[in-house]
Structures are given as structure tokens and as C-alpha cells.
Amino acid sequence: MLRRVLALLIHPHFLPSSASGGSGSMFYAVRKGRRTGVYRSWDECRDQVDKYPYASFKKFATEEDAWKFVNGESSQLASNSCIPCEKQRNKTYNNKATFWSDYSSYKRPNEEPSESQHNRKRTKYTEVPCTASGDNLSYMGDYAVVYTDGCCSSNGRHKARAGTGVYWGPGHPLNSSERLPGRQTNQRAEIHAACKAIEQAKSQNIKKLAIYTDSKFTINGMTDWVPNWQRNGWKTSTGKDVINKEDFERLAKLSEGMDIQWMHVPGHAGFTGNEAADRLAKEGAGKPQS
């Protein structure tokens, strides 16, 4: 309640507006952002949460529910962003991350244009609430946590060198650094890093896995595009052949029987696991191809 009173004093635009309070008006609650509170437009809400780490926000029909969310009184998580008319999509794979963000740019822009450049997809990331365990793994609830990354120097050129990195924890015996076989690209390296992590998880009888990656391409592929590609005979929405068909087929096959959470983490943003996976990938790119 005190938070609400202070917000009303500091930000008078939080006050209800009779002019804009018609039946179609919505309230945008920001629980975590640059400035917490309840806003009357998406533009105001976006200013507080766009690219803010771990932003937590949600759209409500009533101001009372919005303030309950801000004050932590609501059990509803920020499973929807404030983007008007944006609706949750049913996912073929299991995805249970808490917060949404709109990181639209790829870490590496030189790769061939992908589906996401035609249809901007929301991807998820959240701080890992890890707990240590006797098997020297970190867990997010029941899910073993692993970070994967891929890299490619001179991407798209004749002398390209790509590598994969898989990071389970400091000094963990499963940590992997390998040269990418075959065609050398960023996107293939990202996909193959995830494949390696799943193979390792299966070797340890891990059934629930949270894969943290900065590759939206990989996440969107597994949570949205692959089912559509399979139905369309592995054609893109523009009728072209899927360039990374074999790689995604392998990843989808490995994912069968696994309970996987695909988690997005911004690249080069100080996340320890992501930075470690990135270093391993770079080491792998320096190795000779097998």
C-alpha cells in the first residue's frame, strides 16, 4: 500500500483518468522495471521495461488487479507482456520461464536472414534460481541447468571456423568444447551445442533440462518453427527449403522423451554461465575439424 501511495505522489499519471477510462481501457502493471507502478498506456509501460533485466510486467482490465500485481499480492506471474493484442501461443515443447522480454537483435547479425526477421518472436529469459546438489549440477527446481553457446569466426566466408560450448558448472567433467563438423556457421554451432547438452544429459539419466542459450534462432526453432516446418514438408513460410533442416531434425529427435525448458539469456551481458559457454565455444572453434 505504501508503494502505491508513493507512486501516486511521485507519478501523477498513475491516477485514473476519466477521459481514458472507458470500457476498452487497460492498466499496465510494472512489478520490476525502471519505475514500478501502474500505467495507462503500453508506451509508458514499454519505457519502463524495454531491455530492462528481468522485467516483470502484465496487462490488467482493472486498476485494483494491476496494483495487486505490483505489490506482489497477485498469484499471477508475468506470463503475458504488455504488448497490445499480443497473445500467448501454445507451445509444442515445455516452456515455463517466468518473465518475458523483447530482445529482438541477434548476438551475431551476419547469419542468413531467418524466420524471426519476418515474424518477431518473444523469447524468455530469467535469472537462474539455482540450487546446488550432490551430483555437482545446478538445478532450477527439478530441472538441471546447462548453458550452451556456438560461435563462428569469419561467419559466411570461405575460412569460417565454428565451435560449440556446453557449460554445466565450474570445473564440471561434462563441460564441452568442440569444433563444429560440416558447414561452419553461427546458427549450426548454436544448434549443435544444444544437441551436445541433451546427449550429455541423457548419458547422465537427466530427464528434465533447462537449456540457457543466447540463440533466439534455436529457441524459436524448437518452440515454434519446427512443428510448422514438419507439417509443411520442411518449407519456410515463404516456400523455401529450410536451410538448417538436418540440424533441427537432429535436435528435435534428441529432445524426444525429454522435458526441456528453452531459456533465453542475453549474450555478453555478464551472465556467468553464458560467458563460460562462449569461451568454450571459442576454444572449440580453434580446434581442427575431426
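Reader: Which exposed residues sit on the face of H6 turned away from its buried side?
Author: Good place to start, with a predicted model in which local features need pLDDT of at least 70 and side-chain atom pairs count only at pLDDT 80 or more, while totals for chains, interfaces and linings use all residues. Residues are numbered from 1 along each chain as its sequence is written, and side-chain values use heavy atoms, with hydrogens and water left out. Buried means under 20% relative accessible area, exposed over 50% and partly exposed in between (1.4 Å probe, protein chains only). On the face of H6 turned away from its buried side, the exposed residues are Glu246 and Lys253.

Reader: Within what arc do the buried residues of H6 fall, seen down its axis?
Author: Helix H6 covers residues 245-255, and its buried residues are Asp247, Phe248, Leu251, Ala252, Leu254 and Ser255. The arc is taken from the directions that run from the helix axis to the C-beta atoms. These buried residues line one face of the helix, because they fall within an arc of 165 degrees.

Reader: Which helices and which strand do the buried residues of H6 pack against?
Author: Helices (H or I, at least four residues) and strands (E, at least two) are DSSP runs, numbered from the N terminus. Contact means heavy atoms within 4.5 Å. The partners of the buried residues of H6 are helix H4 (186-203), helix H5 (216-231) and strand E12 (259-264).

Reader: How far apart are the closest N and O atoms of aspartate 43 and arginine 46?
Author: Both belong to helix H2 (residues 42-49), where being three residues apart puts about one helical turn between them. Aspartate 43 is partly exposed at 44% relative accessible area, and arginine 46 is partly exposed too, at 35%. They form a salt bridge (a side-chain nitrogen of Lys or Arg within 4 Å of a carboxyl oxygen of Asp or Glu). For this pair, the closest N and O atoms are apart by 2.8 Å.

Reader: How many residues apart in sequence are the parts tied together by aspartate 142 and lysine 208?
Author: The side chains of aspartate 142 and lysine 208 meet in a salt bridge, at 4.0 Å from N to O. Aspartate 142 lies in the loop between strand E7 (138-140) and strand E8 (143-153), and lysine 208 lies in strand E11 (residues 208-213), so the parts they tie together are apart in sequence by 66 residues.

Reader: What kind of aromatic pair do tryptophan 229 and tryptophan 234 form?
Author: Rings of Phe, Tyr and Trp (its six-membered ring) pair if their centres lie within 6.5 Å; planes under 30 degrees apart count as stacked, over 60 as edge-to-face and the rest as tilted. Tryptophan 229 is buried at 4% relative accessibility, and tryptophan 234 is buried at 11%. Their centres are 5.9 Å apart with 40 degrees between the planes, which makes the pair tilted.

Reader: Which residues do ring pairs link into a cluster?
Author: The structure holds seven aromatic pairs. One of them is edge-to-face, with phenylalanine 217 and tryptophan 225 at 5.7 Å centre to centre and 65 degrees between the planes. Both of these residues are buried. The cluster linked by ring pairs consists of Phe217, Trp225, Trp229, Trp234 and Phe248.

Reader: What percentage of the 290 residues of the protein count as buried?
Author: The protein has seven helices and twelve strands. Of its 290 residues, the part that counts as buried is 50%.
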